[in-house]
Amino acid sequence: MADRRRARPAAKSTGTTPKGSRKAAWRRALPPSPTPPAGPTAPIPDAAPSAAAERAASVVEAAVYQDGVRVSSPGTLADTFRELRRAPDGMAWIGLARPTETELLSLAAEFDLHPLAVEDAMEAHQRPKLERYGETLFVVLRAARYLDAQEEVDFGELHVFVGPDFVITVRHGAAPDLSAVRRRMEETPELLKLGPEAVLYAILDTVVDGYAPVVAGVQNDVDEIETEVFRGDPEVSRRIYELSREMVEFQRATRPLVGMLHGLMAGFTKYETDEELQRYLRDVADHVTHTSERVDGFRQALTEILTVNATLVTQQQNAEMRALAEAGFEQNEEIKKISSWAAILFAPTLVGTIYGMNFEHMPELGWSFGYPFAIGLMGVVCASLYVIFKRRDWL
């Protein structure tokens, strides 16, 4: 069975569908996903399962398609394998969330997945990349979403295996929500019948479009940080650092995508990629390039803001030190004045204290010039000290 899949090329557009209608159908699938259809017939979302469901099984949703229409919705991987064998020209789309090693090994055995790719899917925490193993593409994407309440960016990881008749998505984290991708593709059979390549490009578009709200949220944070910096908020340095770390992660998620998409575009001719898919991929590449440039701009802006904040903090500290120095100088001047007057007043106090002891044998007590001499001595000492302190600018 694996040999049959490897020998059969990826599904291409048929002559029964006019080119213009394919183009219109493709563009109808690109706008944001509409509200999920209500009622019991609505497809099971390919979103993050509940905690209980995730413990029970990591298969979020599996389906087999033929000519762009879902023909079965198996509940297990084994059922999916059987249903795909029954569909001559079918395509299996299997969505997993944090799968177990046993599940990945069963997929590897059924679809002949390369051991290195399977190992990467088990370990997660991979950088965005695109590897080709024979007729199977292995793509690692880093999705992102902006959390308004926490004002931070949450990153998820998505691994995609794309073969001639299968698409396997392995999600690590809450983002991205692939239910919208599956729903849009199922609502546009003309697009889905183009095969696994169309599913891959739709997933790429969803991941890249998810960067737009993140860019808007980060732009708002940068604007707020600029206001806080010039307002002198003491907590702004921490916020700048945290946002800079998130921009490093965001840059690691977006920058490799530019080379990945150009690598896919380089294989258009070799792998006979549908013309409409080529246009779509070029559009996604333009969006990725724009997002990558914005992220680079955010990093540069945050670096400059951090420099400005450090300069403002230094200026504020210098102003405070200057104010303290001026206050200390004024205080020293006052201390000089107080010390000078205390010294001047100390001289007459000393003379008066000595002659106020009233000892019986003090020669000056019986001297007729004793009193004028004491007064004069007090005046001379006080005047001399005043002149000395005045010349030294203490008074």
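**Helix packing and nonpolar cores in a predicted model**

Good morning. Leaving aside residues up to four places away in sequence, Ile-203 touches Leu-141, Leu-158, Val-160, Thr-169, Leu-178 and Val-181. Please bear in mind throughout that this is a predicted model.

Ile-203 belongs to the largest nonpolar core, which has 60 residues. The residues with the most contacts inside this core are Leu-141, Met-185, Tyr-201, Ile-203, Leu-204 and Phe-250. Which helix gives the largest share of the core? That is helix α11, residues 236–266, which supplies 11 residues. Apart from this core lies another, of 24 residues, including Phe-81, Leu-96, Phe-166 and Ile-168.

The protein chain has 13 helices and 7 strands. Buried residues make up 41% of its 395 residues. Of the contacts between residues at least 6 apart in sequence, 69% join residues at least 24 apart.

The buried residues of α7 are Ser-179, Ala-180, Val-181, Arg-182, Arg-183, Arg-184 and Met-185. Two of these names have come up already: Val-181 is touched by Ile-203, and Met-185 is listed among the residues with the most contacts in the largest core.

I turn next to helix packing. Two packed helices are described by the angle between their axes and the distance between the axes.

On the α9 side, the contact includes Tyr-201, Leu-204 and Val-208; on the α12 side, it includes Leu-277, Tyr-280 and Val-284. The residues of this contact divide into 10 nonpolar, 1 polar and 3 charged.

Helix α10, residues 211–231, also packs against α12, residues 275–355. Their axes come within 11 Å and cross at roughly 15°, which makes α10 roughly parallel to α12. This crossing, too, is left-handed. Among the residues making the contact are Val-215, Val-222 and Phe-230 of α10, and Phe-298, Leu-302 and Leu-312 of α12. How do the residues of this contact divide? There are 12 nonpolar, 3 polar and 2 charged.

To close, α12 is in contact with α9 through residues such as Leu-281 and Val-288, and with α10 through residues such as Ile-305 and Val-308. Thank you.

Terms used: Residues numbered from 1 in each chain as written. Predicted model: local features only at pLDDT ≥ 70, side-chain atom pairs only at ≥ 80, totals over all residues. Heavy atoms only, no water. Axes fitted to C-alpha atoms, helices over the stretch in contact; angles between N-to-C directions. Helix = DSSP H or I, 4+ residues; strand = E, 2+ residues; numbered from the N terminus. Parallel < 35°, antiparallel > 145°, perpendicular 65-115°, else oblique. Left-handed = near helix turned anticlockwise from the far one by under 90°. Contact = heavy atoms within 4.5 Å. Nonpolar A, V, L, I, M, F, W, Y, C, P; charged D, E, K, R; others polar. Core = buried A, V, L, I, M, F, W, Y, C linked by side-chain atoms within 4.5 Å. Buried < 20%, exposed > 50% of the residue type's maximum accessible area, 1.4 Å probe, protein only.
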